[in-house]
Amino acid sequence: MAFVYKELMGRNDRLSSGHRMCAGCGAPIAVRSILRALHPEDEAVVCSATSCLEVSTFMYPYTAWKDSFIHTAFGNAAATLSGVESAYSALKRQGKISANYKFIAFGGDGGTYDIGFQSLSGAMERGHDLVYVCYDNGAYMNTGNQRSSATPMYADTTTTPSGELSLGKPQYRKDLCAIMAAHHIPYVAQTTFIKNLRDLHEKAEKAIYTKGPAFLNVMAPCPRGWKYPSEDIMEICRLAVETCYWPLYEVTDSEWKLNYEPKQKLPIEEFLKTQGRFRHLFKKGNEWVIELYQKEVDKRWEQLKNLCK
């Protein structure tokens, strides 16, 4: 699949400016980049679970979406889009629709890892020709920064607050990409915003134009929940990749491929110290916590490299 970056960047945005997402939010960056991977001649049906993205881009009668858009409930974006894709396929076979449509669902980690997981798993298992995109900001940000199963260990949230008796969320985060890969679907990928977004653009095009179900997991930082200055979003994403907290990889027909390996892997504290949600880990006496965190990151990184060999 040829990738011409200049041509891609010249395409019209399918998510208009003027939406109400926060400055420094990763969600609209993810959406705009993924929709730009659509070929100009193709139409799209976009479905969004209830989330920051939905409530900020579609406030009736105003919408930032230029393609057909469906707002569905928190837990059933994949099921809703499965039905739409099935109806389209039937009408296409009957000759009642001639236009080419692609089907893309967006959900935050709360509506993907947790509440919408059953719906997502079912859509992947049934083999619908659609792309599900999780913009992973590591908590239920739309309702006040409550922990989700995507929340990283020791993060401070409103339901796992740090304090005298707590270091934040005590559990490790769920590895959703590995779970999606275990469905043996055609394409799974993990990405975020680094350099010129090329990794994200390439994976979005692969996901959209691979026949069958595809899943993209995009780390999309949240300035309010992660507590960082809005302008630092790209640096945070870079550090997530360079520390191997958020590796870039893809799984095509069950074959694992590592897309990037840092020349010099940075310590995890370089990523953690950029965000207020981890501020408590740097208090005197908590050095052992960062050491434990580093061991978990190292373990998962080695496991991923073994899968990609």
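Author: The account below begins with the pocket and then turns to the strands, helices and rings.

The model is a predicted one. Its largest pocket holds about 430 Å³ of space. Of the 25 residues that line this pocket, Arg 173, Asp 175, Tyr 245, Pro 247 and Arg 300 are the closest to its centre. Two helices, H7 (176-181) and H12 (287-308), each supply at least two residues of the lining. The most comes from H12, which gives eight residues to the lining of the largest pocket.

Arg 173, one of the residues closest to the pocket centre, is also among the contacts of Asp 136. Asp 136 belongs to strand S6, which covers residues 131-136. With a relative accessible area of 3%, Asp 136 falls under the 20% limit and is therefore buried. Apart from neighbours within four places in sequence, Asp 136 is in contact with Asp 109, Tyr 113, Ala 150, Arg 173, Asn 217, Val 218, Met 219, Ala 220 and Trp 246.

Thr 191 has a relative accessibility of 0% and so counts as buried. Its contacts, with neighbours within four places in sequence left aside, include Asn 217, Val 218, Met 219 and Trp 246, and these four residues are also in contact with Asp 136. Asp 199, Leu 200, Lys 203 and Leu 248 are likewise in contact with Thr 191. By C-alpha positions, Thr 191 and Ala 79 are 24 Å apart in space, with a separation of 112 residues in sequence.

Strand S10 (214-219) is among the elements against which the buried residues of helix H10 pack; the others are helix H2 (26-36), helix H9 (223-226) and helix H11 (269-272). Helix H10 spans residues 233-242 and is mostly covered, with seven of its 10 residues buried. The buried residues of H10 are Ile 233, Ile 236, Cys 237, Leu 239, Ala 240, Val 241 and Glu 242. Just after H10, Cys 244 adopts a positive phi of about 70°. Helix H2 is also mostly covered, nine of its 11 residues being buried. Among the buried residues of H2 are Gly 26, Pro 28, Val 31, Ile 34 and Arg 36.

The structure holds 13 aromatic pairs. One of them joins Tyr 249 and Trp 256, whose ring centres are 5.6 Å apart and whose planes meet at 15°, so the pair is stacked. Tyr 249 has 4% relative accessibility and therefore counts as buried. Elsewhere, ring pairs link Phe 58, Trp 65, Phe 69 and Phe 106 into a cluster. Charged side chains also sit over rings: the charged end of Lys 174 is placed over the ring of Phe 117, 5.1 Å from its centre, and Arg 277 lies over the face of Trp 226, at 3.9 Å from the ring centre.

How values were computed
Residues numbered from 1 in each chain as written. Predicted model: local features only at pLDDT ≥ 70, side-chain atom pairs only at ≥ 80, totals over all residues. Heavy atoms only, no water. Buried < 20%, exposed > 50% of the residue type's maximum accessible area, 1.4 Å probe, protein only. Helix = DSSP H or I, 4+ residues; strand = E, 2+ residues; numbered from the N terminus. Contact = heavy atoms within 4.5 Å. Phe/Tyr/Trp six-rings, centres within 6.5 Å; stacked < 30°, edge-to-face > 60°. Lys NZ or Arg CZ within 6 Å of the ring centre and 35° of its normal. 1 Å grid on protein atoms, 1.4 Å probe; cavity = no way out; pocket = protein on both sides within 12 Å on 5 of 7 lines; lining within 4 Å. Points joined across faces, edges and corners; volume = space filled by probe spheres on them.
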